[in-house]
Amino acid sequence: MSEADAVTIDVDIGGTFTDCFIRYDGDIATGKAETVESNLSQGFLNAVEATAAELPVSPSELFSRADRIRYSTTAALNKLVSRDGTKLGLLMSEGQEELTFIGRGSQWADGLPVHEQRNVAEAEKPDPIVPPSMTKPVKERMNYDGEIVRPLDEDHLREKVNKLVDRGARGFVVSLAWSFRNPTHEQRVREIIGEEYPDSYLGSAPVFLSSEVNPQRGEYERTMTTILNAYLHRPVVDELLDISDQLRAEGYEKPLMLIHNTGGMAEVYRTSAIEMFSAGPVAALIGASHLGDQYGFDNVIAADMGGTSFDISLVLDGATESYDMDPVIDRWRVNTAMLESKSIGAGGGSIASVDEDLDDRVQVGPESAGSNPGPACYNQGGREPTVTDADLVLGYINPDTFHGGEKRLSVRQAERAIDRNIARPLDIDTVEAAALIRQIVDANMGSQIYTETALRGYDPREFAMFAFGGAGPTHAADVARHANVSTVLTSPFSPVFSAYGSSVMDTVHIYETSLEIPLVHPRTGEYYSDYAQFNGVVSDLREQATHDLRAEGHDPDDVEFRLELDMKYSGLLDITRVRSPHVVVDSEEDISDICEAFEEEFTRSYSPFSDPSESGIFIQNFFLRASVPTPTPSLPTYELRGTDAAHARIDEREVYWTIADGFLDTPIYARSELDPGNELQGPAVIEADNTTVSIIPEATYRVDEHATGWIELD
């Protein structure tokens with residue numbers, strides 16, 4: 001069976017809507033449903049059912065025929081934000097029990113929005129996930145080379161474990177010093193806990209070892225990574241098992257694949273909770289890279305405006321391997337591979353308010369109305385004004401056709417919320433207040449894009465912006481104007497773009513370990529020559545990868561390996577991740593090639609003037625990326641039918657255009673009626689079932705042969 005004939009279901013659960021993208025015997029269908037926060041599996045099934053309605057197949061037959069179901073979710077992050085995790089006991093080497101409470105010097109600022117970081121006097125460290133009362137010392141010690149300095153005191157350990165259980169521990173985190181060099185003590189701790197509380201006991205508890213979850217240097221980050229993974233393990237497992245059970249009941253018998261932060265996916269049983277944190281934005285980045293490659297764009301801005309947030313990620317020079325080198329999850333710095341994306345509270349449900357402490361300045365977000373109660377115009381009890389309310393009042397959204405006509409919006413409720421919370425406090429009229437909300441949120445998003453591109457040394461004009469998410473195309477043209485971007489693409493899949501992105505993902509596993517290797521000696525300048533040591537590290541990681549992928553049913557001959565290295569100059573703290581030109585090395589020339597790749601990446605990131613070429617070059621960490629490519633069909637191609645779009649014009653209404661500072665009579669077009677080749681001039685509004693595209697004055701819009709909409713700004 002060819003990939004074009006495959007049946008695949010891709011679902012992305014967001015804070016407001018659950019999106020679905022289905023390929024069925026060569027046809028494509030998209031749809032969405034409201035996220036059910038209390039039961040994510042229900043929102044999952046509702047989204048699939050709504051999408052299947054476009055196909056000649058029942059949901060039950062669709063599930064039974066599906067070759068693959070892929071799933072991205074914010075469930076892990078949501079559980080962390082609500083502090084709805086497992087009560088843990090933490091075991092650390094004696095003398096290091098205070099590590100997670102002391103943190104790093106900048107921990108007070110980790111994860112804080114900028115406006116809170118400015119108020120240093122009131123900034124506080126977060127409450128620890130594992131409090132001091134649940135943290136106990138372990139009498140043992142390894143040195144930096146993995147040699148046992150102090151044997152494990154097993155009697156003392158049993159005493160501490162029993163105390164933690166008496167205090168309510170339902171899981172254990174074990175993070176011992178230098179365990180990534182030698183994990184034997186951590187492994188013995190797990191054995192002892194199993195002896196005290198075996199699986200046959202009701203009180204048995206899972207044990208998470210830092211040497212398995214995150215075998216890297218950096219005691220604080222390694223410990224916090226393991227804690228977060230353990231804290232969220234049970235809630236996320238319960239959520240996923242519920243969805244898996246529902247899918248089995250519907251007739252789906254194959255593995256449920258989960259999207260990872262690394263830009264790949266794996267089965268549920270080979271996924272840890274911490275690998276799922278930014279799955280949605282990462283899936284969108286992979287989708288943008290896939291489309292950019294088909295259109296020949298080297299530099300792409302993936303701009304996702306959903307109901308809760310605005311997520312930005314970049315494809316640079318045709319590559320998506322831009323990693324966040326110091327990722328912060330909620331309020332904690334961790335050590336896990338994560339493709340870089342930036343998020344600000346600027347979604348359709350972001351709440352607008354007047355800050356009296358800042359001279360009555362209007363700010364939008366980061367708080368969101370979510371899906372329940374949602375924006376005031378939903379008429380579900382929400383009383384706070386949101387971006388969607390402003391768009392409705394300004395005429396961008398048709399209250400009768402929102403979400404394909406399934407949700408009728410109340411203009412009156414939107415006006416009341418804006419008038420009560422914004423217009424009256426500022427002594428302005430409701431329309432002016434709504435325009436102010438839209439201007440602020442668009443400027444915030446445009447500024448974020450400009451910052452992310454310009455501060456990396458790129459010209460925003462050299463980028464194409466892919467606008468997606470339910471609210472993305474509605475704001476894309478104004479956002480691009482603020483960001484100095486001239487080309488915006490709105491895919492037919494824009495409202496469900498993260499789900500589309502997961503449909504073109506490969507199966508990927510990343511295996512990592514820490515080992516410091518001097519590739520160039522700082523004093524002599526000699527090249528590293530212990531090739532067996534380097535290749536031995538890679539061989540061990542490769543063996544793990546082959547074992548796991550074979551267990552998932554993949555042929556080892558289909559696996560592609562890529563080596564990435566964390567490297568630094570001697571004496572500098574900054575680490576740069578480099579794609580190694582060689583997976584194994586056997587000559588001085590190979591070492592030289594790796595060093596050249598590092599120097600090129602370093603100078604690109606920090607400028608040529610910061611290159612301390614006389615310093616030594618060190619490897620800090622090894623990352624082996626093992627992937628099995630997923631064949632994906634090309635974009636469908638349609639016949640061009642001329643430029644005239646008059647047949648798709650369905651209405652005209654007044655729309656407030658911020659660039660014109662007032663209302664203009666604006667033609668309204670039906671996206672479903674626009675043909676490939678059609679062109680139109682702004683101002684215009686294009687209505688689709690799950691999004692609205694706004695074309696600002698002096699911009700043009702055209703539909704290409706792949707049914708993608710192009711917005712060109714003057």
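Me: A nonpolar core is a set of buried Ala, Val, Leu, Ile, Met, Phe, Trp, Tyr and Cys residues joined through side-chain atoms within 4.5 Å. How many residues has the largest nonpolar core here?

Reply: The largest nonpolar core has 74 residues, and Ile9, Tyr71, Leu91 and Phe172 have the most contacts inside it. Buried means under 20% relative accessible area, exposed means over 50%, and partly exposed is in between (1.4 Å probe, protein chains only). This is a predicted model, in which local features need pLDDT of at least 70 and side-chain atom pairs count only at pLDDT 80 or more, while totals for chains, interfaces and linings use all residues. Residues are numbered from 1 along each chain as its sequence is written, and side-chain values use heavy atoms, with hydrogens and water left out.

Me: Which helix gives the most to this core?

Reply: Helix H9 (residues 219–249), with 11 residues. Helices (H or I, at least four residues) and strands (E, at least two) are DSSP runs, numbered from the N terminus.

Me: And what does Phe172 touch?

Reply: Leaving out residues up to four places away in sequence, Phe172 touches Leu88, Gly89, Leu91, Val161, Leu164, Val165, Ile193, Ala205, Pro206, Val207 and Phe208. Contact here is heavy atoms within 4.5 Å.

Me: Which residues does the second core include?

Reply: The second core is separate and has 68 residues, including Phe17, Leu316, Val364 and Trp657. In soluble globular proteins, nonpolar side chains tend to be buried together.

Me: Changing topic. How many aromatic pairs are there?

Reply: The count is 20 aromatic pairs. Rings of Phe, Tyr and Trp (its six-membered ring) pair if their centres lie within 6.5 Å; planes under 30 degrees apart are stacked, over 60 edge-to-face, and the rest tilted. One of the pairs is Tyr295 with Trp710, edge-to-face at 5.5 Å centre to centre and 80° between the planes.

Me: Which parts does that pair tie together?

Reply: Tyr295 is in helix H10 (residues 279–295) and Trp710 in strand E32 (residues 709–712), so the pair links parts 415 residues apart in sequence. Trp710 is buried, at 11% relative accessible area.

Me: Why is the pair of Tyr656 and Phe663 edge-to-face?

Reply: Because the ring centres of Tyr656 and Phe663 are 5.3 Å apart and the planes are at 90°. Tyr656 is buried at 10% relative accessibility, whereas Phe663 is partly exposed at 34%.

Me: Which residues form an aromatic cluster?

Reply: Phe21, Phe468, Phe493, Phe497 and Tyr500 form one.

Me: What sits over the ring of Tyr396?

Reply: The charged end of Arg438, 3.7 Å from the ring centre. Arg577 likewise lies over the face of Phe623, at 3.8 Å from the ring centre. A charge sits over a ring if NZ of Lys or CZ of Arg is within 6 Å of the ring centre and within 35 degrees of the ring normal.

Me: Back to E32. How many bridges pair it with E31?

Reply: E31 and E32 pair over 4 bridges, antiparallel. Two strands pair if DSSP finds at least two bridges between them. Thr700 stands opposite Glu712 in E32. The hairpin of E31 and E32 has 5 residues between the strands, and Ala707 there takes a positive phi near 70°.

Me: What else is E31 joined to?

Reply: Strand E28 (residues 679–681), by 3 bridges, again antiparallel. Gln681 has Thr700 of E31 as its bridge partner. E31 (residues 700–703) has Tyr701 and Val703 on its covered face, and Thr700 and Arg702 on the uncovered one.

Me: And Glu712, which side chain does it meet in a polar contact?

Reply: The side chain of Thr487, at 3.1 Å. A polar contact is a pair of N or O atoms within 3.5 Å; within protein, one must be able to donate a hydrogen and the other to accept it, and residues adjacent in sequence count only if both atoms are side-chain atoms.

Me: Is Thr487 buried or exposed?

Reply: Thr487 counts as buried because its relative accessibility is 12%. Thr487 is in strand E21 (residues 487–490). Neighbours within four places in sequence aside, Thr487 is in contact with Phe463, Ala464, Met465, Trp710, Ile711 and Glu712.

Me: Last one: where is the cis peptide bond?

Reply: Between Gly682 and Pro683, with omega about 5°. Pro683 is in the loop between E28 and strand E29 (684–687).
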